[in-house]
Structures are given as C-alpha cells and as structure tokens.
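Good morning. I will take a few minutes on one structure, and you can follow along on the screen.

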There are 2 protein chains.
Amino acid sequence: MPKLLLLSQDPDSYLALLQAALPGLEIVTAPAADCELAFGDPGLLKDVIAGLPNLRWLQSTWAGVEPLLNPALPRTYTLTNARGVFGPLMSEYVIGYLLLHERNMLQHLASQQQNRWNELTTGTLRGKTIGLMGVGSIGAHVAGAAKHFGMTVRGFTRASEACPDVDVYFHADLPAFAEGLDYLVNILPNTRETRQLIDSSVLAALPAHALFLNVGRGSAVDESALAEALSQGRLRGAVLDVFQQEPLPPDHIFWRTPNLLITSHTAAPSFPADIAALFIENYRRFVNGQPLKYQVDFERGY
Amino acid sequence: MPKLLLLSQDPDSYLALLQAALPGLEIVTAPAADCELAFGDPGLLKDVIAGLPNLRWLQSTWAGVEPLLNPALPRTYTLTNARGVFGPLMSEYVIGYLLLHERNMLQHLASQQQNRWNELTTGTLRGKTIGLMGVGSIGAHVAGAAKHFGMTVRGFTRASEACPDVDVYFHADLPAFAEGLDYLVNILPNTRETRQLIDSSVLAALPAHALFLNVGRGSAVDESALAEALSQGRLRGAVLDVFQQEPLPPDHIFWRTPNLLITSHTAAPSFPADIAALFIENYRRFVNGQPLKYQVDFERGY
C-alpha cells in the first residue's frame with residue numbers, strides 16, 4: 001500500500017477525514033523519501049517535492065496550483081487539483097455581491113444608520129447580462145446560478161462550448177465580449193495567456209454602469225487601469241477577491257479606490273470535508289488503476 | 001367595451017404600457033361611475049371604490065390588498081392581486097441577505113475601511129436549513145432558489161403541499177417548525193390568522209445562530225419580542241422589510257436594535273412592465289369570459 005504525505009495548514013481535519021474513510025492508508029505529515037502520494041496545499045508542497053523521488057500522484061487542496069508549476073520543480077508525477085468543489089462557493093460569492101449591488105444593501109445600511117426610512121428603488125438580476133471569463137467547472141456553475149436568476153450569460157473561453165447555461169460564446173476579441181455587459185466576472189486561472197488580459201481596452205468597452213468581479217487570479221488584471229477607471233467613474237464598481245500581490249500591500253492604490261470592495265481571497269475556501277471527499281474518490285481510482293479526475297496539464301497550467 | 005379606471009402612483013408608465021398592448025381599451029385616471037374595471041394601487045383605490053357601482057373586476061398592482069379588505073367596502077367585484085410576479089424579486093432579496101450574512105460582507109467592508117487584509121472564514125448556504133412561512137407563489141419561488149443553493153427547505157402552510165422544492169411541510173406547531181432552522185423567512189400575508197404568529201415562543205425555538213427575515217407583513221411579528229431576542233443575543237440577526245407601522249416611526253426600538261437590518265419595504269417593488277403584463281393577461285381572460293388568475297378570497301384575505 002502506498003504511503004501518503006499530508007501537508008496542509010489544517011492537517012488534523014484532513015487526517016481525521018482520511019483515517020475514517022481509508023483506515024488502511026499509511027499517512028505521514030513530514031516528508032519521507034518513500035512517499036508515493038502527496039495531498040495538501042501547493043504553497044507547502046512546493047518546498048518538499050524535490051525530496052520525494054517516488055512521488056506518483058499529488059492531490060492539491062487548492063484549485064490554483066501555480067507554486068507547483070515552477071519549471072525548476074519535478075513534473076514526473078500526476079498532479080490533480082481541487083477543481084470540482086469550488087463552483088457552489090464561487091456562485092454564492094458572485095450572486096451575493098451582484099445582489100449587494102442591485103439591492104443597494106450598503107445604501108440601505110447607511111440610511112438605517114441615520115434612522116432614516118428610505119424607499120430606495122431596487123435593481124434586479126433578471127434580464128441582466130453577465131460575462132464569464134473562464135467556463136470550466138467553476139464558470140459552468142456560476143453560469144447555472146446566473147440562469148437561475150434569469151440572466152443572459154456570455155462565456156469567454158478558448159476551450160469547448162460544453163456548458164448548456166452559456167447563451168453565447170466568445171473565443172477572442174475581449175472588448176467585443178465586454179461590450180454591453182452588466183457584469184464582468186473573471187474566473188480564469190493564472191497562465192501566460194491570461195496575464196493582464198483585463199486591460200484598459202476591455203475596461204473601456206464595458207458600460208459605465210457595469211460591475212467587475214475578479215475571483216480568478218489577480219494577474220489577469222491591469223490593476224492601474226482598473227483603479228483609474230473606477231476613480232474616473234467610467235465603471236460602476238469592482239469586487240476583487242484576488243490581487244497581483246497578496247496580501248494586498250498596505251500602500252496599494254486599491255485601498256483608496258472608490259466603489260471597490262476587497263474580500264481578501266476568501267471567495268472559495270477549501271473546506272476539508274469537500275476536498276477530502278475529492279481525494280478519497282481519486283484515491284480509489286488510483287488504487288484501481290483508473291484515470292484520475294481533475295488532472296492538471298503542467299504546460300497549460302490548469 | 002368596458003371602461004378602465006387606472007389609479008397608481010406611476011400612472012404614466014402603466015398608461016403607456018396598456019395603450020400599446022390594448023389600443024381599444026378606454027382608460028380614465030379619475031373615478032367615473034361607469035367604470036367596470038379598475039387597475040391600480042390598493043392604497044389609492046380603497047378611497048374611490050364605493051363610488052364605482054358598476055365595478056366588476058379590480059386588478060391590484062400590489063401583492064398585499066389589505067386596504068381593500070376593510071369590511072365597510074363593497075365586495076361585489078372580482079379582486080385579483082399581483083401574486084405571480086414577486087417571486088423572483090423576493091428570491092433575490094432573501095438569497096442576497098442570506099449571502100450578505102454567510103459571506104461576512106459587512107465584516108469585510110469594515111476591515112477594508114481599516115486598510116486591513118482579513119482572511120475571514122466564510123459560511124455557505126449549502127447544507128443549511130431554511131424555513132418558509134407561507135408557500136404560495138412567492139414562497140415556492142424562494143424554495144426553488146434555496147434548492148438551487150443546496151439548502152434543505154421546510155414549508156409552513158395551511159394550504160396544499162404543492163411545491164416540489166419543499167422537503168418537509170408543517171401545518172401547525174410553529175416552534176417545532178422553527179427548531180433547528182438556520183434561517184426563518186416570513187412570507188405570510190396579513191390575515192387574522194397570521195397576526196403575532198412569530199412570538200417569543202417561536203423566537204425561543206430558533207437556534208441562537210439563526211437569522212430571521214420578514215418579507216411578508218409586519219403584523220406577523222411580535223416586534224418587542226424580536227427586539228429583545230436580538231438585544232440579548234438569543235438570535236444572530238434579523239433582516240426586516242416590513243413593519244407593523246410603516247414608515248417605521250423614528251422612535252421605534254428597531255432603530256436601536258443590534259444585528260438588525262431595515263430595508264424600508266423595498267424587497268419586491270411593483271415594476272410596471274411586470275404588473276401591466278399581468279393585467280393584460282387577465283384582461284384577455286376577462287373579455288373572453290375565462291376565470292381570472294390570482295383571485296383574492298375576501299374572507300381568507302389573500
């Protein structure tokens with residue numbers, strides 16, 4: 001039976017979950033040369049995988065695996081990420097912040113703090129158009145939530161057109177994709193192709209009433225161009241969970257940019273129960289010699 | 001062809017919509033004794049229907065028709081309300097405020113105002129249990145949205161068990177219904193049976209981490225008991241759109257109650273395009289002698 005290295009900021013939760021489901025599996029929490037399997041946070045595993053010569057499979061607890069994509073690190077193992085479990089959480093985040101905006105929740109709060117009854121007119125998601133950059137498992141889930149609330153859904157992807165909840169696909173010409181959107185949501189991973197993709201030309205193509213949300217990676221955004229668009233009122237607002245540098249540096253312009261909400265990379269946390277279930281499923285596939293789910297292509301980067 | 005009295009706080013929008021769809025219909029905006037049809041806000045129509053001896057059908061622009069249920073007013077006409085159109089708006093409101101709560105949006109905002117990166121753990125709607133008091137067309141729609149986000153749905157109703165998105169129905173014993181709920185949502189209309197239904201015994205049955213939302217009518221709530229439960233931390237929070245007296249009086253205790261959000265009766269506004277479509281549909285039924293949709297039972301009150 002192969003030996004598993006577990007390396008996580010929350011090892012106790014994972015240990016309990018794995019031991020309950022896979023009582024025969026030998027689990028260590030410190031690197032050992034004979035570990036054939038690894039499970040954990042890419043930010044921790046990147047420092048030890050060079051010392052795991054027998055590694056055959058690594059299951060990441062995160063969706064993003066950038067730390068493990070460093071070309072100096074070994075790639076002679078199968079890397080799987082936690083792709084399948086963040087869709088519901090991301091959908092909650094996106095729909096929640098769209099509703100915060102449409103329902104004027106912060107304006108209601110401000111009125112309340114002044115003891116003021118204020119019959120603000122409300123917006124609605126129904127009939128609005130949302131553009132999703134990235135239509136993988138997360139994007140497809142967000143598309144389903146958007147459809148539930150009666151939105152029109154545009155998808156920007158270079159991959160297949162497999163999501164039934166996307167009304168129209170774009171594969172190039174991001175400004176054309178952005179034109180007329182009420183909401184633009186970036187869900188793209190950090191790859192060479194996605195860096196600085198959301199630049200001044202894309203922001204200029206968005207209507208002034210549009211809202212931009214970033215739950216993918218900060219690297220996809222020209223942060224100066226975004227701060228400028230918000231400061232000049234050329235964009236209604238932005239909700240950012242991810243940034244080029246995290247934690248966001250104390251002197252970053254975003255702390256002083258109007259109509260910007262910062263959520264400190266909390267949109268889709270890895271709940272141990274979800275991630276452990278995913279590992280267990282893949283582990284059963286591994287011992288049965290079946291192909292693993294959610295494999296990462298080291299070259300593509302996701 | 002029957003003559004229509006249109007009485008609304010927004011007559012121009014309705015006039016344009018009706019004239020475009022029903023060019024032959026004669027519409028007046030001041031009461032005339034020969035009006036057989038009326039369409040408008042119950043709060044305005046209640047003052048004039050005694051002077052409409054030929055009234056055969058009145059379409060309300062609101063869901064709640066309390067002003068027209070005064071026993072001193074005539075009831076010799078068919079009353080229809082705007083029951084069918086508020087489901088999506090109410091669902092947005094309920095889901096939006098549940099997510100404001102679960103995603104710690106106000107805490108994130110407070111951190112941001114202190115320039116502080118704060119990786120708050122987030123809650124999720126998935127796996128939570130929501131209790132809906134009232135499972136008519138609005139409640140059924142909220143139930144569908146709750147299911148979309150993976151919640152378990154309890155329905156409290158004295159009517160039929162027709163909603164496929166409700167997992168379990170209760171018809172009596174409100175404290176038993178409330179026990180173990182993560183969220184309690186009141187959607188009940190104002191009737192004799194619903195007054196002060198949410199009293200200290202129901203609030204005591206809710207877990208301390210529960211959230212209470214009221215989008216039905218303020219009359220359903222013992223407001224003193226609710227303020228006390230919130231002040232003593234026996235309830236996590238409340239989001240109230242409706243109140244026993246509206247606008248909420250400036251000296252009302254709710255303005256000083258902790259963990260309470262007030263949204264000034266804006267949860268489900270009557271958008272003229274929606275309500276006009278509903279009138280037009282019912283008008284076609286009326287002229288063809290078909291039964292009208294969304295009829296109100298004067299005795300039941302909804």
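This is a predicted model: local features need pLDDT of at least 70, side-chain atom pairs count only at pLDDT 80 or more; totals for chains, interfaces and linings use all residues.

Let me start with the symmetry. If you rotate chain A by 180°, with 0.0 Å of shift along the axis, it superposes on chain B with an RMSD of 0.1 Å. That is how a two-fold axis relates two copies. Which C-alpha of chain A is nearest the axis? That of A:Gly96, which sits 2.7 Å from it.

Now the contact between the chains. Chain A puts in 38 residues, and chain B puts in 38 residues. On the chain A side, four elements each supply at least two residues: helix H3, residues 87–102; helix H4, residues 105–113; helix H5, residues 137–148; and strand S12, residues 260–262. H3(A) gives the most, with eight residues. By class, the side of chain A that touches chain B has 20 nonpolar, 14 polar and four charged residues. Why can we say that the copies meet through the same surface? Because 100% of the interface residues of chain A are also interface residues in chain B.

Next, the domains within one chain. Chain A is divided into domain 1, which takes residues 3–84 plus 270–287, and domain 2, which takes 87–262. Taken over C-alpha atoms, the centres of these two domains of chain A are 32 Å apart. Where they touch, domain 1 of chain A contributes four residues and domain 2 of chain A contributes five. The domain 1 side of that contact has no nonpolar residues; two are polar and two are charged.

Last, one helix in chain B. This is H8(B), residues 223–231, and its buried residues are B:Glu223, B:Leu226, B:Ala229 and B:Leu230. Around the helix axis these residues span an arc of only 125°, so they lie on the same side of H8(B). What covers them? The cover includes three elements of chain B: helix H7, residues 200–205; strand S11, residues 237–240; and strand S12, residues 260–262. After H8(B) comes B:Gly233, and its phi is positive, near 70°.

To recap, chains A and B are related as by a two-fold axis, and the copies meet through the same surface. Within chain A, the centres of domain 1 and domain 2 are separated by 32 Å.

How values were computed: Residues are numbered from 1 along each chain as its sequence is written. Chains are lettered from A and ligands numbered from 1 in the order in which they are written. Copies are superposed by least squares on the C-alpha atoms of residues with pLDDT of at least 70 in both. Two residues are in contact if their C-beta atoms, placed from the backbone, lie within 7 Å. Ala, Val, Leu, Ile, Met, Phe, Trp, Tyr, Cys and Pro count as nonpolar, Asp, Glu, Lys and Arg as charged, and the others, Gly among them, as polar. Domain bounds come from an automatic or database domain assignment. A residue is buried if 20 or more other C-beta atoms lie within 10 Å of its own, exposed if 12 or fewer, and partly exposed in between; C-beta atoms are placed from the backbone. The arc is that of the directions from the helix axis to the C-beta atoms.
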